[in-house]
Amino acid sequence: MNSLRCIGMYFLLCMLGYLSQPLSALSQTAAVQTAQQQTTTERDGQHDFDFEIGSWKIHLSRLQDRLVGSKTWIEFDGTSVTRKVWDGRGNLEEFESDSSTGHIEGLTLRVYNTQTHLWSIYWANSKDPDLGQAIQPMVGKFENGRGEFYDQELWKGKAVYVRFVWSKITANSAHFEQSYSSDGGKTWEVNWITDQTRVKDESDKSR
């Protein structure tokens, strides 16, 4: 950034007539190298969801209602299987569970953008084949072993921010939380918690 600021000051002075000599070739080369470093130092995160590949037993906790101060949690269990697609640049998860509200089948597609270095996460429920609204992904990335993903959705007719957080990731376990915010992200209410335990089976051969 210092090199770029110096270059900016140089051109400003040129415009004001204080300098008449052009930048040296060495300075120009340094500026180009600095810009290249800024565009290439973004971490490649296309393997950040590799931990999810395979079969899992899942314990879920769902808040009874959202954004109304509820303190009641509903506990249930499920399973999921995730496999790679597009040579690892994406993955597809099939989720299944039985809860007090009935049988749940879900599908998650996660896709990595190699240019923006961001993941897009799409979710569909088998009970809502029209998805209720236009498909809108959660978007985000991992930093220091923690993944955060955001979007804005309608909840009971009101626009809210939604956040996914992946954390406590090991070879055989992972922790997930979904939260809503009705105040523009100032405060968050966790309404869905998932704890995963890996199941050793044939699916693990794809890792």
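**Aromatic pairs, nonpolar core and strand pairing**

A total of 15 aromatic pairs is counted, where rings of Phe, Tyr and Trp (its six-membered ring) pair if their centres lie within 6.5 Å, with planes under 30 degrees apart taken as stacked, over 60 as edge-to-face and the rest as tilted. One of these pairs, Phe-164 with Phe-176, is edge-to-face, at 5.1 Å centre to centre and 75° between the planes. Phe-164 belongs to strand 8 and Phe-176 to strand 9, so the pair ties together parts that are twelve residues apart in sequence. Strands (E, at least two residues) are DSSP runs, numbered from the N terminus. The model is predicted, with local features requiring pLDDT of at least 70 and side-chain atom pairs counted only at pLDDT 80 or more, whereas totals for chains, interfaces and linings use all residues. Residues are numbered from 1 along each chain as its sequence is written, and side-chain values use heavy atoms, with hydrogens and water left out.

Apart from neighbours within four places in sequence, Phe-164 is in contact (heavy atoms within 4.5 Å) with Ile-121, Met-138, Gly-147, Glu-148, Phe-149, Phe-176, Glu-177 and Gln-178. One aromatic cluster is formed by Phe-49, Phe-51, Tyr-112, Trp-119, Phe-142, Phe-149, Phe-164, Trp-166 and Phe-176.

The largest nonpolar core contains 23 residues, and Phe-49, Phe-149, Phe-164 and Trp-166 have the most contacts inside it. Such a core is a set of buried Ala, Val, Leu, Ile, Met, Phe, Trp, Tyr and Cys residues joined through side-chain atoms within 4.5 Å. Strands supplying at least two residues each to this core include strand 1 (54–63), strand 2 (73–85) and strand 4 (102–113). Strand 8 contributes the largest share, four residues.

The charged end of Arg-110 lies over the ring of Phe-49, 4.8 Å from its centre, and Arg-66 lies over the face of Trp-155, at 4.9 Å from the ring centre.

Strand 3 (residues 90–99) has seven of its ten residues buried, so this strand is largely enclosed by the rest of the structure. Strand 3 pairs (at least two DSSP bridges) with strand 2 in the antiparallel sense over nine bridges, with Thr-82 opposite Glu-93. Strand 3 and strand 4 are also antiparallel, over ten bridges, and Glu-94 has Leu-107 as its bridge partner in strand 4.

Technical notes: Buried means under 20% relative accessible area, exposed over 50%, partly exposed in between (1.4 Å probe, protein chains only). A charge sits over a ring if NZ of Lys or CZ of Arg is within 6 Å of the ring centre and within 35 degrees of the ring normal.
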